[in-house]
Amino acid sequence: MIINSARFAISNSTHRKSPSEMRHEYAFIGRSNVGKSSLINMLTGNAKLAKTSSTPGKTLLINHFLINDSWYIVDLPGYGFAQRGKEQREKLEKMIRGYILEREQMTNLFVLIDSRHEPMKIDLDFFDWLGENGIPFAIVFTKLDKLGNDAGRRNVQRYCSRLLETWEELPPIFLTSSEDKRGREELLDYIEQLNKLPVGPSE
Ligand code: GTP
Ligand code: MG
């Protein structure tokens, strides 16, 4: 898919204020600092679209970006950022969970995992929660440029084996780097396919 335009639409603290049109929308979630905003910039080819930072906890709102005047990318705050107080963390979690459970336009959720890390409980629990709630998701491994090709493949393999201990089958998996742009075509092609389906709940 070719990206002709990508522009910021709106930021909100609740999904209830998100755009009301029935357009396809794809949200990006994962632990703080995993590379969500960077990936969105890489996909859209605009390094300044979503705000990135080397300090975790940069994105704190539900941010909508309109792509090709027809569908949305949504940048969500990261989860599990311990340095914020309990109150703020709970507020963010409520915002994220409300969005994921109730946003009918969300065609797919992309869950980002840092390819350098071992499987972490917080992510595995999050996958379980998505499964329990029937949320369609794919896993995007990030920062593969930070590993050699073999090490990257090995880590992803190990991660998938761990998932298969509790999941019968794996969701779609993408290997990406916002630095060298790998995985961009695959992700955009996947979205292009999903864009052909009707928007909204399938039942
Ligand atoms: P929060 O909004 O704080 O939850 O973080 P985020 O998940 O949006 O992460 P962000 O995109 O802001 O990136 C965090 C840090 O990781 C930044 O310093 C990025 O430059 C770096 N980073 C993100 N993706 C990559 C990547 O693919 N390769 C490398 N080498 N660095 C990356
Ligand atoms: Mg961010």
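Tutor: Leave aside neighbours within four places in sequence, and Lys58 is in contact (heavy atoms within 4.5 Å) with Lys51, Thr52 and Ser53. This is a predicted model: local features need pLDDT of at least 70, side-chain atom pairs count only at pLDDT 80 or more, while totals for chains, interfaces and linings use all residues. Residues are numbered from 1 along each chain, chains are lettered from A and ligands numbered from 1 as written, and side-chain values use heavy atoms, without hydrogens or water.

Student: Why is Lys58 called partly exposed?

Tutor: Buried means under 20% relative accessible area, exposed over 50%, partly exposed in between (1.4 Å probe, protein chains only). Lys58 has 44%, so Lys58 is partly exposed.

Student: Where is the place of Lys58?

Tutor: Lys58 is in the loop between helix 1 (36-44) and strand 3 (62-67). Helices (H or I, at least four residues) and strands (E, at least two) are DSSP runs, numbered from the N terminus.

Student: What makes the pair of Ser37 and ligand 1 a polar contact?

Tutor: A polar contact is a pair of N or O atoms within 3.5 Å. A polar side-chain atom of Ser37 lies 3.0 Å from an oxygen atom of ligand 1, so the pair qualifies. For Lys143, a polar side-chain atom also lies 3.0 Å from a ligand 1 oxygen atom. Ser178 uses a polar backbone atom, 2.7 Å from an oxygen atom of ligand 1.

Student: How much of ligand 1 does the protein bury?

Tutor: Taken alone, ligand 1 exposes 650 Å² (Shrake-Rupley method, 1.4 Å probe). The protein buries 88% of that.

Conventions:
A polar contact is a pair of N or O atoms within 3.5 Å; within protein, one must be able to donate a hydrogen and the other to accept it, and residues adjacent in sequence count only if both atoms are side-chain atoms.
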